[in-house]
Amino acid sequence: MRDRVVVIGGDAAGMAAASQARRLRTADELEIVVFERGGFTSFSACGIPYWVGGHVTSRDALIARTAEEHRARDIDLRMRTEVTEIDVDAARVRARSAESGDESWLSYDKLVIATGAVPIRPPLPGIDAPGVHGVQTLDDGQALIESLGAVTGRRAVVVGAGYIGVEMAEALLQRGFGVTVLNRGAEPMSTLDPDMGALVRDAMSGMGIEVVDKAEVVAVRTGADGAAEAVITDSAEYPADIVVLGIGVRPATELARAAGLPLGESGGLLTDRAMRVRGHDTVWAGGDCVEVLDLVAGRHRHIPLGTHANKHGQVIGSGVGGDYATFPGVVGTAVSKVCDLEVARTGLREKDARAAGLQYVAVTIESTSRSGYYPGTAPMTVKMLAERRTGRLLGVQIVGREGAAKRVDIAAVALTAQMTVEQVVQLDLGYAPPFSPVWDPVQVAARKAVAAVRDRR
């Protein structure tokens, strides 16, 4: 008798798990049923800002594999069907069809939870009014694009200045809107230290984006037609024909919580290295609904990224398919851009290092993307943290123009290998004037960090 795997969520982690399990087991050996409450599967949420901004010309370009393609591989994919309850004791889930409204229970031998994350939408007056948009799904992106084409005014307000906020600010600017970004923090990009975030703010201002820091949004004012027409903070009001929420996301774990499954501090599911939910041998979880081990800080964090979700799915699919794989953890690498400004980070910020009880040195250097004499060279700023006594690399942040962001991968590998800054200095990196100075900017920062470590010993 064949086993049945039930997957909740048909995007990156869920479909990667289903696809990997199918590679390992035929339909005669393993039945795979996937429930997806939305209208699309296997799509790139990270690409939505670039679709809105016009870099990506069609919605379909963001879909890696259609529902029909998955079904052709003997995966029973049920679209617009939402799981409303998990009964762990009875090993079954209850699902409801959005089209018919019918509900039914389905038993499972193995369960995969890949419910993702949902945009943070604070309970403020007017926050659900027409003209206020989140950007988590393709449906969200389509609704925003349609609104942009329908409004007569050209004023946009973005609430939040994290990755989604700054990327949406760029997209709206490219669509011809005047853009104001309301940021609750002291500087944009709270994933950076404030001194590096200030570089992002200055660059955004130079592009014509108004960035308002320390702005606490209290309401969205609506007009006679009920649609948004201004965003109100604790100190001012900003007219808006379109409002985009870029406050961040939280794990979508309401089902898991109701089922009594273990959650971490951020509300994400807790798993072991094989992505099996702790204390539950027949339940796996992955993607934006889980917490992952931060290899540098040594604690679990919620880091919602498609790169992790796809890797989780591969590991889970191996497990439910009868093979074995593990996910070791992350170092917290992320990159983004605002127009031609590139932003990257990996490892710990200063406040992360302090929270982990680490003594550290922090250095900042100015360098260039190429040899100074080569045409097109651009400046970049690199900040590096190292443990005070050992010199172990703790984190790197980079802000610059073309060629800046992907240099963070050097640091990501070094962090994963637990290298010291002295070892980073000695890395045999590629060099030619069109690609780098003789000393790569990351190594320039490492040299300065080595000196700082020696001074503090």
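The largest cavity is lined by Leu295, Val296, Val331, Arg392, Leu393, Leu415 and Gln418. A cavity here is a set of points, on a 1 Å grid over the protein atoms alone, where a 1.4 Å probe fits but cannot get out, and lining residues have an atom within 4 Å of a point. The largest cavity has a volume of about 50 Å³; a volume is the space filled by probe spheres set on the points, with grid points joined across faces, edges and corners. The structure holds 1 cavity of 30 Å³ or more. Its lining divides into 5 nonpolar residues, 1 polar and 1 charged. In this division Ala, Val, Leu, Ile, Met, Phe, Trp, Tyr, Cys and Pro count as nonpolar, Asp, Glu, Lys and Arg as charged, and the others, Gly among them, as polar.

This is a predicted model, in which local features need pLDDT of at least 70, side-chain atom pairs count only at pLDDT 80 or more, and totals for chains, interfaces and linings use all residues. Residues are numbered from 1 along each chain as its sequence is written, and side-chain values use heavy atoms, with hydrogens and water left out.

**Annotated spans**

UniProt, in an unreviewed entry, lists residues 4-309 as "domain: FAD/NAD(P)-binding". Over this span the chain is 23% helix and 28% strand, and the end C-alpha atoms are 22 Å apart. Helices (H or I, at least four residues) and strands (E, at least two) are DSSP runs, numbered from the N terminus. The unreviewed entry also gives "domain: Pyridine nucleotide-disulphide oxidoreductase dimerisation" for residues 336-438. That stretch is 19% helix and 35% strand, with its end C-alpha atoms 26 Å apart. The UniProt positions are given in the numbering used here, feature names are shortened, and annotations may be inferred rather than shown by experiment.

**The parallel sheet**

An open sheet of 5 strands runs in the order β3-β2-β1-β7-β18, with parallel pairing. Two strands pair if DSSP finds at least two bridges between them. β3 (76-79) and β18 (283-285) are the edge strands, each pairing on one side only. On average, neighbouring strands of this sheet are turned by 15° against each other, direction ignored. Axes are lines fitted to C-alpha atoms, for helices over the stretch in contact, and angles run from 0 to 180 degrees between N-to-C directions.

Strand β2 (residues 30-36) is joined to β3 in the parallel sense by 4 bridges, and Glu36 has Met79 in β3 as its bridge partner. Helix α1 (residues 12-24) lies across β1 (3-8), β2, β3 and β7 (110-113), at about 165° to β2. Contact means heavy atoms within 4.5 Å.

**The antiparallel strands**

A second open sheet has 3 strands in the order β13-β14-β15, paired antiparallel. Its edge strands are β13 (217-222) and β15 (237-239), each pairing on one side only. Neighbouring strands of this sheet are turned by 25° against each other on average, direction ignored.

β13 and β14 form a hairpin with 5 residues between them, and Gly226 in the turn has a positive phi of about 85°.

| Strand pair | Bridges | A bridge partner pair |
|---|---|---|
| β13 and β14 | 5 bridges | Thr222 and Ala228 |
| β4 (residues 81-87) and β5 (residues 92-97) | 6 bridges | Glu82 and Arg96 |

Terms used: On a 1 Å grid over the protein atoms alone, a cavity is a set of points where a 1.4 Å probe fits but cannot get out, and a pocket is an open set with protein on both sides within 12 Å along at least five of seven lines; lining residues have an atom within 4 Å of a point.
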